[in-house]
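The exercises below are meant to be worked with the sequence and the model side by side.

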Amino acid sequence: MTRIAFLGTGLMGAPMARRLLGAGHHAAVWNRSPEKAQALAQAGAVPAADPAQAVAGAEVVFTMLADGAAVADVLFARGVVDAMSGDAVLVDTSSIAPAQARDHAAALAARGIAAIDCPVSGGVPGAENGTLALMAGGEAGVIARIADVMAPLGRLTHVGPAGAGQVCKLANQQIVAITIGAVAEAMMLVSSGGADRAKFREAIRGGFAESRILDLHGGRMVARDFRPGGSSRFHLKDLNAVADLAAGAGLALPLTETVRTAFSDFVASGHGDTDHSGLLLHLEAMNGAHPEAKDDR
């Protein structure tokens, strides 16, 4: 049993914390909305009134927060770093800019605390089933040290030094966004040609177009169930970070830039909290399409 603290028990954090509790670890939990942390008490978690209280005595501290500013606020303004023990490890599973991750790691190292940036991919289903892709940036020895704790969450891969985990997550988000756009456009194309969208998806399963996006997000598009598993505004945040990183490296990424513009327009139209598979709605609107909808949430 490892004493852990989990800060941020929202859509992704809550099922991740449950996986860790199910593996027998002792977990103190905190969330800005206290009721979300309190909901984990039935699973054996100990809700904390503030994040500094949650991390006291913890051997591994997880953060799953909205963005880099939220992570910095919790770590440095709310006293988490001051309350952590020197031999604890911070595992930031949030998606933040690589430069921010490197800055946080350096600031913690100056206090003798090891930090790993370990963003995840796999969405809520992956968090619930323990099948997340875990992209870890930091020192190899530290990552090896926490590997057993991370095992209930999914597959852990050391991808490079501090910040490298966040770079890999941004690359992951490029692929996901472009593929969502490709599947959405294909859905519209088959409808315009008189084919059934559900049957089209079924027909190409197992072929070269097979993917988790076709499976999960294609299924959402067919069912027109766009309740947020991965919110469009968070995906846009990641695509904006990709654009910044690419600009700094002098890279032209035309496919990524096209889909980033589409997500920007979609979010600006009031769909920030719509699932990112809902990009289909934006593309349909561009084409004046108004198909029968079961659920356009």
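**Exercise 1.** Which exposed residues does the face of α8 turned away from its buried side carry?

*Solution.* The model is a predicted one, in which local features need pLDDT of at least 70 and side-chain atom pairs count only at pLDDT 80 or more, while totals for chains, interfaces and linings use all residues. Residues are numbered from 1 along each chain as its sequence is written, and side-chain values use heavy atoms, with hydrogens and water left out.

Begin with the terms: buried means under 20% relative accessible area, exposed over 50%, and partly exposed in between, with a 1.4 Å probe and protein chains only. Helices (H or I, at least four residues) and strands (E, at least two) are DSSP runs numbered from the N terminus.

Next, list the buried residues of α8, which spans residues 140–150: they are V142, I143, I146, V149 and M150. Seen down the helix axis, these buried residues fall within an arc of 100°, so they line one face of α8; the arc is that of the directions from the helix axis to the C-beta atoms. An α-helix has 3.6 residues a turn, so residues three or four places apart point the same way. The face turned away from the buried side of α8 carries the exposed residues G141, A144 and D148.

**Exercise 2.** Find the residues that A114 touches, leaving aside residues up to four places away in sequence.

*Solution.* First place A114, which lies in strand β6, residues 114–117. With contact meaning heavy atoms within 4.5 Å, A114 touches A88, V89, L90 and V142. Then take V142, one of the buried residues of α8: A114 and V142 are 28 residues apart in sequence, and their C-alpha atoms are 7.2 Å apart in space.

**Exercise 3.** Determine which residues of α10 are buried and what they pack against.

*Solution.* In α10, residues 197–204, the buried residues are R197, F200 and R201. They cover an arc of only 95° around the axis, which puts them on the same side of α10. The face turned away from that buried side carries the exposed residues K199, E202 and A203.

**Exercise 4.** Is R224 buried or exposed, and where is its place in the chain?

*Solution.* R224 is in the loop between α11 (212–223) and α12 (232–249). R224 counts as buried because its relative accessibility is 4%. Its phi is near 55°, a positive value in a residue other than glycine.

For a contrast within α11, turn to D215, which is found in that helix and is partly exposed, with a relative accessible area of 24%. Not counting residues up to four places away in sequence, D215 touches R201 and R205, and R201 is itself among the buried residues of α10.

**Exercise 5.** What radius of gyration does the chain have, and what value would a compact globule have?

*Solution.* For 297 residues, a compact globule would have a radius of gyration near 19 Å, and the chain, at 20 Å, agrees with this; the radius is taken over C-alpha atoms, and the globule rule is 2.2 Å times the number of residues to the power 0.38. Along the principal axes, the C-alpha atoms fill a box of roughly 65 × 45 × 35 Å. Finally, count the elements and the burial: the chain has 14 helices and nine strands, and buried residues make up 49% of its 297 residues.
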